[in-house]
Amino acid sequence: MSTVLQAKERNVFRHSALNKIRKEGNIPGVIYGSKTENKSIYISEKDLIKTIKDVGRNGVISLDVNGSKQNVILTDYQADPLKNVLVHVDFRAVDMSTELNANVRVTLLGDAAGVKEGGVMQQSLHEVSVTATPTNIPQSIDVDVTNLQVEEKVTISDIKVNYSSITFNHEDDEVIASILAPRQEEEIDTGEKQSEAPHDNLEQTDTNGGEE
């Protein structure tokens, strides 16, 4: 069941009006969708953050705009990094039976065996694009790397079996994560004294022109 979030429609778009909305602890936003008319709204920032914590970043929200409810998902947001507050949000109206595209973060689980042996974990994909009905979109794609050895990798095809209800919009051989071999530095001793760096020479220059 989707979580209900209260919202109010806004009809004034002046900069001063938007500032007033934000000063009162609210966030201006918009609802859009292929089968719905765009609607400008505002919601409580506190309530939105709580709702996202409850349902997740890709969760379905029942947005109640002046008593009229509509299923939506949060598609985008803008934040002020200096004030650490949200300044605008976008919601997409969804049909619960219709598939849609969404970006889902990738979470690596476990301590890789290859890393314990000195290898370096490289995560090539931090999020993936998927297609699914709203209720089947996961909050994260979990990838167990516990048994991953040095010079081994995990690809899209390796994880598809765990997510049969969604379609990955990636090639099967696209790499999600891999373990790189530890870098081996060879020390070559030629028996000759290494030349000094340019800045060392400058520091050692006699400022008196070499005369005592």
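Two residues are in contact when heavy atoms of theirs lie within 4.5 Å. Keep that cut-off in mind for this predicted model. Among contacts in the chain with a separation of 6 or more, 63% join residues 24 or more positions apart.

**The whole chain**

The chain has 212 residues, and 36% of them are buried. It holds five helices and 13 strands. Its accessible surface comes to about 14,200 Å². Carbon and sulfur atoms account for 45% of that surface.

**The barrel**

Which strands close into a barrel, and in what order? Six strands do so, in the order β1-β3-β2-β6-β5-β4. Their pairing is mixed. From one strand to the next, the twist averages 45°.

Now look at one pair. Strands β1 (residues 3-9) and β4 (residues 61-65) run parallel, and five bridges join them.

**Two helices against the strands**

Helix α1 packs on the sheet.

| Helix | Residues | Strands | Angle between directions |
|---|---|---|---|
| α1 | 15-23 | β2 (26-33), β3 (36-44), β6 (85-93) | about 110° with β2 |

**A closer look at α2**

Which residues of α2 are buried? They are E45, L48, T51 and V55. Seen down the axis of α2, these buried residues fall within an arc of 125°, so they line one face of the helix. An α-helix has 3.6 residues a turn, so residues three or four places apart point the same way.

What does the buried face meet? The buried residues of α2 pack against β1, β2, β3, β4 and β6. The other side of α2 has exposed residues: K46, K50 and K53. To be called buried, a residue must have under 20% relative accessible area, while exposed means over 50%.

Both ends of α2 deserve a look. At the N-terminal end, S44 caps the helix. A side-chain oxygen of S44 lies 3.4 Å from the backbone nitrogen of K46. After α2 comes G56. The phi of G56 is positive, near 95°.

**Putting it together**

Start at S44, the cap of α2. Follow the helix through its buried residues, including L48 and T51. Look from them to the strands they pack against, among them β1 and β4. Those two strands also run parallel to each other in the model.

Technical notes: Residues are numbered from 1 along each chain as its sequence is written. This is a predicted model: local features need pLDDT of at least 70, side-chain atom pairs count only at pLDDT 80 or more; totals for chains, interfaces and linings use all residues. Side-chain values use heavy atoms; hydrogens and water are left out. Helices (H or I, at least four residues) and strands (E, at least two) are DSSP runs, numbered from the N terminus. Buried means under 20% relative accessible area, exposed over 50%, partly exposed in between (1.4 Å probe, protein chains only). Accessible areas come from the Shrake-Rupley method with a 1.4 Å probe; for residues, only the protein chains shown count as cover. Two strands pair if DSSP finds at least two bridges between them. Axes are lines fitted to C-alpha atoms, for helices over the stretch in contact, and angles run from 0 to 180 degrees between N-to-C directions. The arc is that of the directions from the helix axis to the C-beta atoms. A polar contact is a pair of N or O atoms within 3.5 Å; within protein, one must be able to donate a hydrogen and the other to accept it, and residues adjacent in sequence count only if both atoms are side-chain atoms.
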